[in-house]
Amino acid sequence: MRDPDHTRRVVITGLGIVSPIGNDLATAWSSLTGMKSGLDRITHWDPTAYAPYVVAGEVRNFDPAAWLDAKSVRRTGPEIHWGVAAAKQALTHSGLEITDANREEIGVVFGSGAGGQGLFIENQMAWKEKGPRSVAPTFIAHGLVDSTSGMIAIQTGAMGHNMAVVSACATGTHALGEAAEAIKRGDVTAVISGSTENPLIEVAHIGFMNMRGLGAPRDGEGPSSTSRPFDLDRAGFVLGEGAGAFIVEDLEHAKARGATIYAEVVGYGSSADAHDMIQPIEGGAGAARSIKWALQRGKIDASEIDMINPHGTSTPVGDAREALAFHSALGARAAQIPISATKSLTGHLMGAAGAVEAIFTALSLHHQTIPGTLNTRNVDPECNLTVALETRQAPLRAAISNNIGLGGHNGAVVLRHWTGK
């Protein structure tokens, strides 16, 4: 542990992902830039009774045995499988080795919106059907929101600062920001950060459907047309599942070991609407505050922002109020900044959304590429935004990844292209 130094610079040196568009970084980036959708008809259960809300972004062809031993796989849910896989991918990608000499200097800040709700449901059903002896003695320890952060520490040996962040759909954004803050205040030298979510549980799908939050495919079109952020005929979001992970590191430490730097974390903002558990506040005032604070803390002007990866869930109210937040926080420039709304391809990964989308933002800066937004054909004039409709190369100096969660939680991170200085 070192003395706090809030001028300390923090960079991203490793990335890992499990998602509807790929279970490794190369596949996910190729799918994203190629605008290859991960949305399709639900296979986890028969969705016929819920038509037309039958689409989701599922993780496919994932083998948990490649990342965890058989006992751990058996005792844990998919959210832990994906989180551990993403974290181990990120470690390998970064080249950071955890040893006896440095393990107390490496932390874990890894969140989830709901944790292992599937384990609780399974054990509730087992108890009702077979009696109390059928309830697994390990399900509580493995079903908590902090279970993935604990398992990542066990699997990697990271013994430093460890916590789980939970702020609904802003969880991944907050996890990345809080990891950077832990490094700045001297708690650790590096952090395994990110988030994971397993929301494709039938009762959760029903709940979101009854909330009137889910969208359906365009008339006469396939499942991939369901999510259409900021489009004039947007109708609701699509649930997705998966995990994203980062290695976040002190700049001087990263440079000393010759690490590849994918982006610098220059600003982080967090705020509350203090308004409603479901709808964002009128005018997007809460999200605007978190964006403004991220810019202020990063000492970066709106004129330097060349891309935004928005929350962009494709809900009529949510997208409109997020757009107002951009205009409030960024002024006249907001209408000109390219919007890369990646939920159009992955669906809404809930607690994992912020991590996966910040990964895409970091890669966009690294590759100087703006991924296109699928399905957005007629941008809603009320939103007054420039949505990137095709993938293209562009000079990118800095970008914002923005997320908004149920309960009025707002989070924004500002990432900067690493130029070596």
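**Close-up views of a predicted model**

N402 is buried, with a relative accessible area of 0%. This and the other values below come from a predicted model.

View 1. N402 is part of strand 14, which spans residues 398-405. Leaving aside neighbours within four places in sequence, the residues in contact with N402 are S290, I291, N309, P310, H311, E322, F326, E357, G411 and A412. One of these partners, I291, is 111 residues away from N402 along the chain, yet the two C-alpha atoms are separated by 7.7 Å. Because its relative accessible area is 0%, N402 falls under the 20% limit for a buried residue.

**View 2. Helix 10 and the elements it packs against.** Helix 10 covers residues 285-297, 13 residues in total. From its first C-alpha to its last it reaches 18 Å, close to the 18 Å expected at 1.5 Å a residue. The buried residues in helix 10 are G286, A287, A288, S290, I291, A294 and L295. An α-helix has 3.6 residues a turn, so residues three or four places apart point the same way. The buried residues of helix 10 pack against strand 8, strand 9 (305-309), helix 11 (316-330), strand 14 and strand 15. Just after the helix, K299 takes a positive phi of about 50 degrees.

**View 3. The largest nonpolar core.** This core has 46 residues, and those that touch the most other members are I12, L15, L176, F246, I359, F360 and L415. At least two core residues come from each of strand 1 (10-18), helix 1 (25-33), helix 7 (171-184), strand 7 (242-250), strand 8 (263-272), helix 13 (353-367) and strand 15 (409-416). Helix 13 gives the most, with nine residues. In soluble globular proteins, nonpolar side chains tend to be buried together.

**View 4. Contacts of L15.** Neighbours within four places in sequence aside, L15 is in contact with L25, Q89, A90, H93, A245, F246, Y262, I359 and L363. Among these partners, F246 and I359 also belong, like L15, to the core residues that touch the most other members.

**View 5. The largest pocket.** About 480 Å³ of space lies in the largest pocket. Its lining has 28 residues, and F237, I278, Q279, P280 and T315 lie nearest the centre. Helix 11 and strand 14 are the elements that give two or more residues to the lining. Helix 11 gives the most, with five residues. By residue class, the lining divides into twelve nonpolar, eleven polar and five charged.

**View 6. The largest cavity.** A search of the whole structure finds one cavity of 30 Å³ or more. The space in the largest cavity is about 40 Å³. Its lining consists of V55, H205, L214, G215, T226, F237, V238 and L239. Five of the lining residues are nonpolar, three are polar and none is charged. F237 lines this cavity and is also one of the residues nearest the centre of the largest pocket.

View 7. S225 is placed in the loop between helix 8 (202-210) and strand 7. With a relative accessible area of 2%, S225 is buried. Its contacts, apart from residues within four places in sequence, are P217, R218 and N375. N375 is found in the loop between strand 11 (369-370) and strand 12 (386-387). N375 counts as buried because its relative accessibility is 11%, under the 20% limit. N375 has a positive phi of about 80 degrees although it is not a glycine.

View 8. Most residues other than glycine have a negative phi, and most peptide bonds are trans. M35, which is not a glycine, has a positive phi of about 55 degrees. M35 sits in the loop between helix 1 and strand 2. The peptide bond joining A51 and P52 is cis, with omega about 10 degrees. P52 belongs to the loop between strand 2 (39-41) and strand 3 (55-57).

**View 9. S72 in helix 2.** S72 lies in helix 2, residues 70-75. At 12% relative accessibility, S72 counts as buried. Not counting residues up to four places away in sequence, S72 touches H81 and Q155.

Definitions and conventions: Residues numbered from 1 in each chain as written. Predicted model: local features only at pLDDT ≥ 70, side-chain atom pairs only at ≥ 80, totals over all residues. Heavy atoms only, no water. 1 Å grid on protein atoms, 1.4 Å probe; cavity = no way out; pocket = protein on both sides within 12 Å on 5 of 7 lines; lining within 4 Å. Points joined across faces, edges and corners; volume = space filled by probe spheres on them. Nonpolar A, V, L, I, M, F, W, Y, C, P; charged D, E, K, R; others polar. Core = buried A, V, L, I, M, F, W, Y, C linked by side-chain atoms within 4.5 Å. Buried < 20%, exposed > 50% of the residue type's maximum accessible area, 1.4 Å probe, protein only. Helix = DSSP H or I, 4+ residues; strand = E, 2+ residues; numbered from the N terminus. Contact = heavy atoms within 4.5 Å. Expected span 1.5 Å × (residues − 1).
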